Amino acid sequence: MTIRRTTLTTAATLLALSAVAACDDGDDAQSAPPAASAPATAGATASPTVIPAVSASATPTAAQPASSPTTTPTAAGGTGAPVDATGAFDPAVALAQADRTPYAATETMKTTATADGQGTVITQTGRINFYTPTREGRIETKMTIGDGGEPTIWMESVNTGSAVFMRDKSTPGSSWSPTDTGGEKTSSDDDGAAYAKALAEAGPAARKGMEQKNGVPAYHLGARLTADQIKAIDPGEHQKMVEKGVGAKDYDIWIDHAGRILAQKQSMKVPRGGTTVTSVITVNYTDFGPRETFPAPTAAAG
């Protein structure tokens, strides 16, 4: 099996939709897809990856576990956008002047899918490299169905850049399993910048103004993008929306003056199994620092 280079957004969305559909069919929590279906870097995207841009040292540093990353934040890179006396800036200029130097950040994502009173929640927390060929990282993922409780899926994965190692943390004593990546690069971090640029150019209504996000002055961009609009940004994503019967998605993105995306939120309604599933994905990026190395887990290295 080949693990392709994306964030977990795809896997989280697919798992959430599948789990809700299973609930609608009267199945119990065991109807959820197996844990191996939720790698940290999954297959073709079901929703766009919005990636922040920041300057950082190109020299890799040792990675810390996903639960307690230790990095020194770096200053925002690139020339960015001029900031006036109130801290406001032009988001289009900030995006145009964003840096593309590889860097690491902590990504915290939550995906919810609800239909007919049933709900699924998937959370992902991890340390990930951006603007690198294979987006190395270490990620932990949990999925719960209904009102919570013990996760039905609890996975940890490490992407070293040449291989992905996974283990099922819901099973005590589970071992790491290697999965070949072949060093394959299947998407670009610039894909996310294209969505941000589209929002910045969507007209005055999409420019929501300055806000605080994750403790940083940020410009809020937001709009509903139809499938036809997304076709010009991401033809592959457009095709998936058409196949699933999704007519539009609501996007919100927060950027700082250097063009670094601090957070994003996207929501959509997906017809499935005679009902409509509402999917909401929120992502926050924090603790920016130099690119890191992510070695194979000790138990799997041998």
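Tyr131 is buried, with a relative accessible area of 14%, where buried means under 20% relative accessible area, exposed means over 50%, and partly exposed lies in between (1.4 Å probe, protein chains only). Tyr131 sits in the loop between E3 and E4, and although Tyr131 is not a glycine, its phi is positive, at about 60°. The names of helices and strands used here refer to DSSP runs (helices are H or I with at least four residues, strands are E with at least two), numbered from the N terminus.

Asn214 is another residue that is not a glycine and yet has a positive phi, of about 55°. Asn214 is found in the loop between E8 and strand E9 (216–226), and with a relative accessible area of 37% Asn214 is partly exposed.

## The model and its confidence

This is a predicted model, in which local features need pLDDT of at least 70 and side-chain atom pairs count only at pLDDT 80 or more, while totals for chains, interfaces and linings use all residues. Residues are numbered from 1 along each chain as its sequence is written, and side-chain values use heavy atoms, with hydrogens and water left out.

The pLDDT, which is the predictor's confidence in each residue on a scale from 0 to 100, averages 75 over the protein, and 69% of the residues score at least 70. Confidence is lowest in strand E1 (residues 61–62), where the mean is 43, and highest in strand E13 (residues 292–293), where it is 96. Over residues 1–77 the pLDDT is below 50, and this stretch has 236 contacts in the model beyond near neighbours in sequence, a contact being heavy atoms within 4.5 Å. Where pLDDT is low, the predicted coordinates should not be read in detail.

## The protein as a whole

The secondary structure of the protein comes to six helices and 13 strands, and of its 302 residues 49% count as buried. Among contacts between residues at least 6 apart in sequence, 63% join residues at least 24 apart. The accessible surface, calculated by the Shrake-Rupley method with a 1.4 Å probe, where for residues only the protein chains shown count as cover, comes to about 12,700 Å², and 51% of this surface belongs to carbon and sulfur atoms.

Side chains of opposite charge can pair when their charged atoms come close. A search of the whole structure finds 11 salt bridges, each defined as a side-chain nitrogen of Lys or Arg within 4 Å of a carboxyl oxygen of Asp or Glu. In one of them, the side chains of Arg207 and Asp90 meet at 3.4 Å, N to O. Arg207 lies in strand E8 (residues 207–213) and Asp90 in the loop between E1 and helix H2 (91–96), so this pair ties together parts that are 117 residues apart in sequence. Arg207 is partly exposed at 31% relative accessible area, and Asp90 is partly exposed at 33%.

Arg291 forms a salt bridge with Glu136, and their closest N and O atoms are 3.7 Å apart. Because Arg291 lies in the loop between strand E12 (275–289) and E13, and Glu136 in the loop between strand E3 (118–130) and strand E4 (137–145), the pair ties together parts that are 155 residues apart in sequence. Arg291 counts as partly exposed at 22% relative accessibility, whereas Glu136 counts as buried at 7%.

Strands E5 and E6 run antiparallel and are joined by five bridges, and two strands count as paired if DSSP finds at least two bridges between them. The bridge partner of Ser157 is Met166 in E6. The hairpin has three residues between the strands, and in it Gly161 takes a positive phi near 110°.

The side chains of Arg167 and Glu156 also meet in a salt bridge, at 2.7 Å from N to O. Arg167 lies in strand E6 (residues 163–168) and Glu156 in strand E5 (residues 153–159), so the pair ties together parts that are 11 residues apart in sequence. Arg167 is partly exposed at 24%, while Glu156 is buried at 6%. Salt bridges that share partners join Arg138, Glu140, Glu156, Arg167 and Lys169 into one network.

In helix H5 (residues 235–244) the buried residues are Glu237, His238 and Met241. Seen down the axis of H5, these buried residues fall within an arc of 105°, so they line one face of the helix; the arc is that of the directions from the helix axis to the C-beta atoms. The face of H5 turned away from this buried side carries the exposed residues Pro235 and Glu243. Just after H5, Gly245 takes a positive phi of about 75°.
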